[in-house]
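Subject: Structure handover

Hello,

Here is the structure you will be taking over. Please open it first, then read the notes below.

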Amino acid sequence: MDKPQNNRAWFMVLPVLLLVAFSAIIPLMTVVNYAFNDTFGNNAFFWVGVEWFKETLESDRMWGALQRQLIFSFTILAIEVPLGIAVALAMPKKGVWASVCLVLFALPLLIPWNVVGTIWQVFARIDIGLLGYSLGLIGIDFNLGQNASAAWVSVIMMDVWHWTSLVVLLAYAGLQSIPDAYYQAAKIDQASRWAVFRYVELPKLKGVLLIAVLLRFMDSFMIYTEPFVVTGGGPGSATTFLSIDLVKMALGQFDLGPAAAFSIMYFLVILLVSWAFYTIMVNLDREEERNE
Amino acid sequence: MARIELKDLAHSYLPKPGGEDDFALKTIDLDWDDGGAYALLGASGCGKSTLLNIISGLLEPTRGQILFDGADMTHAPTTARNIAQVFQFPVVYDTMTVRDNLAFPLRNRGMQASYIKDRVQQIAQMIGMDSQLSRKARGLTADEKQKISLGRGMVREDVNAILFDEPLTVIDPHMKWELRTQLKQLHREFGHTMIYVTHDQTEALTFADKVVVMHDGRVVQLGTPEELFERPEHTFVGYFIGSPGMNLLDAKIDGNMATIGSHQIPLGAGYKSPEGHTQIGIRPEFVTFTTDASGLPVQVTQVEDVGRHRIVRVGFEGNTLCAVLPEGTPLPEGTQHIAFMPEQIGVFANDWRVTPQTGGAS
Amino acid sequence: MSTSTVQPTDKAGLRRLASYAMLIVYLLFLILPIYWLVNMSFKPNVEILNQLTLIPQNPTLGNYANILTDPTWYMGYVHSLTYVILNTVISVTVALPAAYAFSRYSFIGDKHLFFWLLTNRMAPPAVFVLPFFQLYSSIGLFDTHLAVALAHCLFNVPLAVWILEGFMRGVPKEIDETAYIDGYSWFRFFTRIFMPLISSGIGVAAFFCFMFSWVDLLISRTLTSTEVKTIGVAMTRTSSATGLDYGTLAAAGVLTIIPGALVIWFVRNYIAKGFALGRV
């Protein structure tokens, strides 16, 4: 799109800039300050350089959390994206049932994170929860926090429950934008169901799926509340992901220096991934505009 | 290739249609001869796309039958009908190359690779895309994409019919002409049955051997362009075909004389006084200015010079009539008299043409 | 002429059946946990703990009564709603002109600015917890509604800008030009003509700000203590303190779902567009 050059547009952006600067830049400066200094309290700081970074990088703690985080993020992406597409394809295309499906699907997305945790905690309890009780009846003694694998299954199941609908909604919106003529043409060309998906639906879904993957990757990378409520990061540190570890370090132990160094590296990783996605997205947008 | 018959066909988009108004297609009986080039002409919303989708099997008609060479296809799925269709907007598989796009319908039907290769090459040459076969379809212009759609429609040799749903809507005017000429040539070469839906009379008249005119869910006339011009069966055809359309005047018909108010107009043939709302219709091409005072007294209101001829608009007792004057004739001005060529006057009762009782060309 | 036999449609029918089956299984998977929560909220604790019943045997509103009569519970909702609404108003108000600028003009650094805003949406709140705590303590805003509302701007303002920009892109530029030619001032044009045109976009942006502010626990828990006790905090604290009062906990949970559920119905046609940051 051609947009006129107008630097006065900055004035319109100014309020946003100030507000976000206040809630992002100033706090970040504090973090940077902590990351390079040590303190014995009373606001007396002395310079320690990259000491905290070294310490954090050398400790197994962060690497463990990062590794768990990556496994978690990729696992839920591998489940949620195909499942979300499949459900979107199975959904009715229009009518009352489509609306009913949309509303029911969207429901988990709007439940406060901690309530999501509570719901699953209760649902899976062997004594009072439907799921736990039913599993108990068929001989599976399932308890959320009993061991590492049970905790992982719970956290992943909960995330799939909570967020697959996001992929569904986006994929559904993408599918809606495909004109009927494409399906009719494919029918006339005698394309198989798979070919319709591969050559008609998937190309149109590419844009929205990229957004879905981006959002799910980012949000799962920052996941805090649900594991906090359900497993508290345990047992041991089995489900201690980056955010949980960071909050433990900063607010629990008040290890400001290492926590700050940790924060900065955490943020940089996110920034890098965001940038990669953003570049791809902008390029896709541009390509589409050129084609129209 | 097949002869397609539509028998007592009707379609409604409502689940339980009541009166006639609920039907998008009212009763239709129509035969499409094998190898014919047909145009389906009508204003938007007249039901022509509905009819097309019923033929291709994308819609099932509420009532009636579709026969392909005598075999009942009414409930057969699209794939069993072996037809091809080109849509209004280019439908191409963006991620495939031009070659794969053209080969797609053949591959899906399990044709041999060597045959596909030759056939694709041949079609690509015809649509003028052979130099771009290896390009991805995304990034091509709208005309190029539509050419691919046309090519995909044409690529199967054994199709029963090729249906075109206003295929040139998105194409630039000069390309329109070129593509239409190509289509015509392809028709001559392969002899496919082609049905071409359009609302543009020029497109219809230049492409088709036979034109089917639809109005309000009905077929009002099937005929050659010449027939549509000279003997419109319905006032809609008279008005829709021709530029400008036919002049229509309310008149009383008695024998071979039409009476409009206090004026008498001789007709080319005799009619038994028809019932209902009666009108006479005359093409502007057959309206002449005359010095004879027995002609209709009119007031010239506007003259448009459109190059080869001039269109003169005149007022007559509250009606506007058109006359086409060949170049070189003197321009009439002010109050004039006009006369109609009697044998070119059509008589309509309740919008349908009335057959004359005795003699004459009408 | 091809064969006129009707093709077997068993395969297509089977596929449709399979897809409906999957849809139903997925819906059950989504709905059952919520159903269980609602079910529990109408049971007395004795029933919850002693038997597993699919429908409350002794239905009671006691759990809801507990919440509506106990100020530590119901004030939690009031506090949460206060900062959530405050945040929504602030976010949408500042985002409107900014989104307009991004959608209509190009200016020095616009692309970088836009990306920087995106990164804030993607910033892990955990990183900001400690600095927020210190920042708001030092300026005396700690434990106030405004502190939480401002802190939530970190992720909601970028979100609102993104969503609104997506909607605004869909409005043709000619409308702006026509309005200027007709002698409208920018402000009058923006409030009288432009905002009504993108009202659905504003609705969606407001809804998403509301939602993300409503569902957050981490930041609101960090920035509040005694004066402002949010409902999320009330739930976590009560569940750990009293431990066994599942009925009340379930009722509190149900009450947090209701606002979201109500709003979804109104924005159901735009919800996907909102989640895609206005880019579907």
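In chain C, Leu37(C), Val38(C), Met40(C) and Ser41(C) of helix α1(C) meet Tyr246(C), Gly247(C), Ala250(C), Ala251(C), Gly253(C) and Val254(C) of helix α13(C). Contact means C-beta atoms, placed from the backbone, within 7 Å. Helices are DSSP runs (H or I, at least four residues), numbered from the N terminus. By class, this contact has seven nonpolar, three polar and no charged residues. Ala, Val, Leu, Ile, Met, Phe, Trp, Tyr, Cys and Pro count as nonpolar, Asp, Glu, Lys and Arg as charged, and the others, Gly among them, as polar.

A word on the model. It is predicted: local features need pLDDT of at least 70, side-chain atom pairs count only at pLDDT 80 or more, and totals for chains, interfaces and linings use all residues. Residues are numbered from 1 along each chain as its sequence is written, while chains are lettered from A and ligands numbered from 1 in the order in which they are written.

Back to the helix pair. α1 (residues 10–41) and α13 (residues 246–267) of chain C pack at about 125°, with axes 7 Å apart. Axes are lines fitted to C-alpha atoms over the stretch in contact, and angles run from 0 to 180 degrees between N-to-C directions.

Next, the chain contact. 83 residues of chain C are in contact with 77 residues of chain A. α1(C) gives the largest share of the chain C side, 16 residues. That side divides into 68 nonpolar, ten polar and five charged residues.

Regards

Definitions and conventions: Helix = DSSP H or I, 4+ residues; strand = E, 2+ residues; numbered from the N terminus. Contact = placed C-beta atoms within 7 Å.
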